[in-house]
Amino acid sequence: MTFYVIRRVFIGILLLFFMSAAFFALTRLTPGPPFSTGENPRAHQELVDRRLHNLGLDQPWYQQYPAYLNALVHGNLGDSYVNNVPVTTLLWQRVPNSVLLLGVSLIVSLLIAIPLGVFAATHQYSKVDTTTSVLSYVGISVPSFVLGIFLLLGGAVWLRHVTNGGFYFPLFGMHLNASTTDLGDLVWHMVLPVTSLAILSVAGFSRFMRASMLEVLHQDYVRTAKAKGLPARSVNYKHALRNAILPIVTLVALQTPQFVSGAIITEGIFSWPGMGLLAFQAALTRDYPVILGVVMLVAALTILFNLLADVAYAVVDPRIRY
Amino acid sequence: MADQPLEKAPQEFKSMLGGTKLASVLASEGALRKAAAKEDLVVAEVAEPSELGFWRLSVMRFLHHRAATVSLVILAIIILAAVIVPIFQGNLFRTQDYTHPYGAPFQFQSRVISLPVGLSVTIPWSDHLFGTDGLGSDELARLIRGGRVSLTVGLLATVGYIIIGGLFGALAGYYGGWIDNALMRLTDVIIAMPFILVVIAVTAAFGGVSLTVLVGVIALLGWFEIGRLMRAQFLVLRESEFVQAARALGASDARIIFRHIVPNSLAPIIVSATLGVSGIILLEAALGFLGLSIPPPEPSWGNMLSDYNDFVLRGQVYLIAFPAGALVLTALCINLVGDGIRDALDPRQR
């Protein structure tokens, strides 16, 4: 087990290394240098060249990469080209906000999806089951920005009549103004973005939970438990659910990149000052160090979560041995 | 003789699938066999379902999936509209009617049409059935034209990544070795990245986005799932008996791959590709929404929504509802068709 974990960590580091090389090459090989967008078009060419030279960007990527890698090993992700702040500082500002938003929506969606999926599976082909599966079908076909826009519309326009003109839900940002740290205010600001993220995850998770639960319910030991005369509730929740819930752990771990992808759009719509918004703005201005920083962070988290999921799996399920 | 089972077969089939056309096909085949039997020819006994062939049976099974069939019809209408209607509309999608910006949808006025025979009839008529956008362009024309972009990107990128992924997956699965290792590690790398962020970074780096760039970027970055699927299929089929038989008969690698393994590994690829089309259409829409798809005035369902702030604050729900509805309807139909295809190709998975 220890050997397995060490091996996995080693492979993960190797993977991160490859990823940094791949993404580094990808950003450098695409046409157009940085500063060709979002900069003053009348900027003196000589100044632009000097800046490129100072940042080492006039060299080919395979000569830039070792320097980058060296800095990376020392925990330095470089400075943002656009606002000259270390990328680590930017990430420290933004990541907690994203974690707050994504974590809360993940918990909310799991709290809804798991009971829903279990109920749908134990009452297969009932009205609740068919309604759930139809709704989750629609749910996976709705892109996150469409949902976000409609929530905005609902919060802004349709609920206006309730409050005599003002917006019912705050539409943008984390706080009413930057100085407040009021918890109630924060929660109130989170309602719409969390709803937007959670609805989409519920659709996916509940489908998965239903399938997983159905698979377990058809297994022999469940039939044995039923044959012993155990009440249905005990069979469903004590015997079946415990095994059916395991794959969800892996699913959640595997979905980390998708969460961040979804967060890019949701954070954009609701102006949530998180990592996704940072990465999007960086991509538009070709702020390579920031993009690379976010991608590496997400990749590292994905690898870490996968490892944790596998280890947790082995702890919970004694049949699995590494 | 083989008379009896042959005569019984059509009825059995009719009750099983309920297809009358199928029954008649089977009946004619049965008659043929009976004639052959009368002349005392030896008729080979074949299990009934296999006489229809895998693909015919799959089509029959698909048509019995009601939601999938309805979705296929709706999808066909959407695709036909997107292909045909813009040909007749010319520049209507970017003709700006400055006198009617933000025109409301479904505004009918009566219009008198005089027929050549001397009669004249009054019909309800609307210049802009779905209203107009902020520049006074016809929303319906934009919607149909936008569908063209979305569907083109969806289909072309999918074809692209089936070719790339299929090829790499086949090579990796069949030959194994370093190409297999390279593929698997590359997939690990790509899977751990947030896909949309990578696509945004690459498309933003290209500056002006065109259809070619969009399709190229999505196809080049999105083929990994198909690649893995193809690899898994090849790993299983490579060791199967019919492939061993082909190899024993001296078939070349190319012949084994393309004649024997590929046709047998298509089913999951087709399902995954169908679902992939809806994924790419939604991805393109997300990119358009962020302003990174086809630049205006060319509309796409995504970039029609990119001015959402205006629409939300002005309360112009229809300008949001039509593109969003088109997007969701298309994605839903494709997903249902994909589901239908999965059930049809692999009935065990139900």
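This is a predicted model: local features need pLDDT of at least 70, side-chain atom pairs count only at pLDDT 80 or more; totals for chains, interfaces and linings use all residues.
Good morning. What covers the buried residues of helix 1 of chain A?

Let us start with chain A as a whole. Of its 322 residues, 33% count as buried. Consider next the contacts in chain A with a separation of 6 or more: 71% of them come from residues 24 or more positions apart.

Now to helix 1 of chain A, which covers residues 2-29. Helix 1 has 28 residues, and the distance from its first C-alpha to its last is 40 Å, close to the 40 Å expected at 1.5 Å a residue. Within this helix, A:Met19, A:Phe23 and A:Thr27 are buried.

This brings me back to the opening question. The cover over the buried residues of helix 1 includes helix 13 (288-316) of chain A, together with helix 6 (177-191) and helix 7 (195-205) of chain B.

Helix 1 of chain A also meets helix 3 of chain A, residues 61-73. Their axes come within 11 Å and cross at roughly 135 degrees. Because of that angle, helix 1 of chain A is oblique to helix 3 of chain A. The crossing is right-handed. On the side of helix 1, the residues involved include A:Ser20, A:Phe24 and A:Arg28; on the side of helix 3, they include A:Trp61, A:Tyr65 and A:Leu69. By class, the residues of this contact are nine nonpolar, one polar and one charged.

Let me turn to the contact between the two chains. Here 39 residues of chain A are in contact with 35 residues of chain B. On the side of chain B, helix 6, helix 7, helix 11 (253-289), helix 12 (308-314) and helix 13 (317-345) each supply at least two residues. That side of chain B divides into 29 nonpolar, four polar and two charged residues.

Finally, one residue of chain B. Where is B:Thr95 found? B:Thr95 lies in the loop between helix 4 (66-89) and strand 1 (109-114) of chain B. B:Thr95 counts as partly exposed because it has 13 C-beta neighbours inside 10 Å. From B:Thr95 to B:Ile123 there are 28 residues in sequence and 25 Å in space, C-alpha to C-alpha.

Thank you for your attention.

Key
Residues are numbered from 1 along each chain as its sequence is written. Chains are lettered from A and ligands numbered from 1 in the order in which they are written. A residue is buried if 20 or more other C-beta atoms lie within 10 Å of its own, exposed if 12 or fewer, and partly exposed in between; C-beta atoms are placed from the backbone. Two residues are in contact if their C-beta atoms, placed from the backbone, lie within 7 Å. Helices (H or I, at least four residues) and strands (E, at least two) are DSSP runs, numbered from the N terminus. The expected span of a helix is 1.5 Å times one less than its number of residues. Axes are lines fitted to C-alpha atoms, for helices over the stretch in contact, and angles run from 0 to 180 degrees between N-to-C directions. Angles under 35 degrees count as roughly parallel, over 145 as roughly antiparallel, 65 to 115 as roughly perpendicular and the rest as oblique. A crossing is left-handed if the near helix is turned anticlockwise from the far one by less than a right angle, and right-handed if clockwise. Ala, Val, Leu, Ile, Met, Phe, Trp, Tyr, Cys and Pro count as nonpolar, Asp, Glu, Lys and Arg as charged, and the others, Gly among them, as polar.
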